[in-house]
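Student: I would like to learn how to read a model like this one. Please take me through it feature by feature.

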Amino acid sequence: MSITEIDRSYAALRKDRPAEPADALVRLTPATARGRQVPRWLRRGIGPVALVLVWHLASITGVLPAEVLAGPATVLSSAAKLIQTGELQEAVVVSMQRAMSGLLIGGTIGVALAILSGLTRLGEDLVDAPMQMLRTVPNVALIPLLIIWFGIGEAPKIALIALATAFPLYLNVYAGIRGVDQSLIEAGRTLGLGRAGLVRHVILPGALPNALVGLRYSLGIAWLALVFGEQINATAGVGYLMANAREFFQTDVIVVCLVVYALLGLAVDLVVRSLERIFLSWRPNFTGA
Amino acid sequence: MATQLHRSLKTPAAVAVRGLSRAFGPRRVIDNLDLAIRPGEFVALLGASGCGKSTLLRILGDLDPEFEGEVVVPSRRAIAFQAPRLMPWKRVWHNVVLGLPGRPDRKRAERALDEVGIGHRADVWPKVLSGGEAQRAALARALVREPDLLLLDEPFAALDALTRIKAQALVAELWQRHGCAILLVTHDVEEAILLADRVLVMKEGVIAHHEPIALDRPRDVADPEFARIRGALLDWLGVAHGAAH
Ligand SMILES: Nc1ncnc2c1ncn2[C@@H]1O[C@H](COP(=O)(O)OP(=O)(O)O)[C@@H](O)[C@H]1O
Ligand SMILES: [Mg+2]
């Protein structure tokens with residue numbers, strides 16, 4: 001029987017409707033026969049490239065004056081200069097150190113508090129309510145207080161980052177611990193696991209996916225807090241570079257700094273992805289491998 | 001509350017339950033229930049959905065202490081549930097020996113997995129196991145503990161018909177080899193008659209009926225005596241069966 005014959009007999013079954021061959025049956029095409037498409041990465045690359053091109057054209061034609069925004073060529077050459085003098089690397093290292101020490105302190109506090117309140121009723125009663133209250137305070141609003149407490153050196157910057165990163169980790173690890181499948185905990189008990197064994201083999205591994213989500217948020221926020229923190233009278237770091245550039249209307253250097261912030265954020269995201277690849281390959285819906 | 005859960009290594013019976021009651025709110029799901037299981041005996045427990053079979057099993061497994069009455073069970077027990085409940089973040093072999101004292105013993109895990117026919121799956125994550133394989137892994141995990149009492153709560157209910165038949169044969173074989181007492185909760189009357197020494201029917205919070213199965217093993221569903229027992233059990237379960245079978 002040909003397709004059209006099938007169409008007709010199928011349409012005959014639906015007497016109330018006139019024959020609609022095009023509607024009755026469709027031929028499904030396998031993915032392999034759908035023709036070669038432009039690869040995804042190439043398609044996704046078109047937008048950014050076009051943007052840079054427009055930016056470039058606008059600045060060489062003078063539509064976009066350098067005082068407003070330097071062109072990509074200028075930005076590239078001043079990036080090269082900053083790298084040659086070593087200024088950029090130095091600034092990046094200082095900023096990275098700030099972000100990482102802040103994250104280390106904040107993350108440790110956040111995870112420790114989450115474990116305390118996730119695992120014990122007493123911990124929950126003592127810790128969770130204040131944490132839920134404090135998290136509604138916007139971190140940057142604390143800058144004046146942090147300056148009063150810690151002065152204008154490294155301490156308030158790191159404190160700001162620590163404060164900002166503690167909360168996402170706290171909230172996610174706590175939710176992860178509380179969300180562990182109860183039936184698995186029960187299974188663990190029937191296998192003879194004691195409290196410590198349950199925590200180690202069931203509860204903490206079960207909370208790990210959430211913990212990594214928390215880490216991702218924390219890293220994102222660490223960057224944000226870094227940008228704000230480096231506005232506090234910095235004498236080194238990417239923020240300092242940027243503040244200097246502002247004084248002299250060097251929009252090219254400012255753009256370089258913005259790109260550096262973006263690249264750092266990207267790098268950190270890659271790190272979290274690798275961590276997920278390593279630690280979450282057991283997940284049923286894991287697709288990152 | 002007269003709550004007692006005695007544990008002893010050597011009991012004359014594998015399970016001795018007297019006057020057991022368990023209420024959820026005002027509802028007494030188990031109401032003055034008595035039950036004895038001999039060491040090495042294979043007992044199947046039938047009953048309408050929601051009649052309290054899992055509740056009884058959970059009490060015997062020391063997962064639910066909120067009962068009244070006297071319960072004596074062996075200290076070495078193992079449970080397998082309808083869902084395999086493997087830890088998704090541990091490799092299959094690691095799941096098998098989880099909770100055993102000492103360092104995780106890979107050899108021991110592999111022997112247990114070989115015994116249930118999935119030795120080649122020792123190194124994979126539980127997520128890649130099929131339903132039947134996961135249930136076998138759960139059985140290996142239970143048996144590696146050398147239990148005197150194995151509690152099975154509808155372990156085959158989620159398996160497809162073919163896989164279920166194989167799994168039933170496997171349980172029969174493992175029981176012969178290990179000689180532990182088994183309490184198997186099932187809703188499948190034929191499965192109960194195929195496997196058990198004795199079939200219990202639970203109703204209104206008590207064991208309403210004991211049906212000893214004297215048929216030789218391996219058993220044949222086509223045996224007239226098999227059909228008679230099935231008919232009797234279906235009557236106890238309140239299921240009209242004349243036309244259906
Ligand atoms: N934790 C619980 N809280 C309240 N009611 C429960 C609980 N567990 C079981 N029940 C009730 O007890 C009855 C018996 O449940 P169960 O033992 O799971 O039945 P089944 O025989 O199907 O295994 C059901 O009506 C169920 O709703
Ligand atoms: Mg049940």
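Predicted model: local features only at pLDDT ≥ 70, side-chain atom pairs only at ≥ 80, totals over all residues.

Student: Is B:Cys180 buried or exposed?

Tutor: Buried means under 20% relative accessible area, exposed means over 50%, and partly exposed is in between (1.4 Å probe, protein chains only). B:Cys180 counts as buried because its relative accessibility is 3%. B:Cys51 is buried too, at 13%.

Student: Which positions does UniProt give for the feature "binding site"?

Tutor: UniProt positions are given in the numbering used here, feature names are shortened, and annotations may be inferred rather than shown by experiment. The record places this feature at B:Gly47, B:Ala48, B:Ser49, B:Gly50, B:Cys51, B:Gly52, B:Lys53 and B:Ser54. B:Gly50 sits in the loop between β4 (42-47) and α1 (53-60), and its relative accessible area of 59% makes it exposed. B:Ser54 belongs to helix α1 and is partly exposed at 31%.

Student: How many helices and strands are in chain B?

Tutor: Helices (H or I, at least four residues) and strands (E, at least two) are DSSP runs, numbered from the N terminus. Chain B has seven helices and 10 strands. One of the helices is α5 (residues 161-178), where B:Gln168 is found. B:Gln168 is buried at 8% relative accessibility.

Student: What does B:Gln168 touch?

Tutor: Contact means heavy atoms within 4.5 Å. Leaving aside residues up to four places away in sequence, B:Gln168 touches B:Phe156, B:Asp188, B:Glu191, B:Leu194 and B:Leu195.

Student: What radius of gyration does chain B have?

Tutor: The radius is taken over C-alpha atoms, and the globule rule is 2.2 Å times the number of residues to the power 0.38. Chain B has 18 Å, which agrees with the value near 18 Å for a compact globule of 245 residues. Its C-alpha trace spans about 50 × 45 × 35 Å along the principal axes. Of the 245 residues in chain B, 51% are buried.

Student: How many residues of chain B are in contact with chain A?

Tutor: There are 17 residues of chain B in contact with 19 residues of chain A. B:Arg85, B:Trp89 and B:Lys127 supply 37% of the area that chain B buries against chain A, more than any other three residues. Buried area is the accessible area (1.4 Å probe) that two parts lose on being put together, summed over both. For these two chains the total is about 1,700 Å², with 64% of it on carbon and sulfur atoms.

Student: Which peptide bond is cis?

Tutor: The bond from B:Arg217 to B:Pro218 is cis, with omega near -5 degrees. B:Pro218 lies in the loop between β10 (206-212) and α7 (224-236).

Technical notes: Residues numbered from 1 in each chain as written. Chains lettered and ligands numbered in written order. Heavy atoms only, no water.
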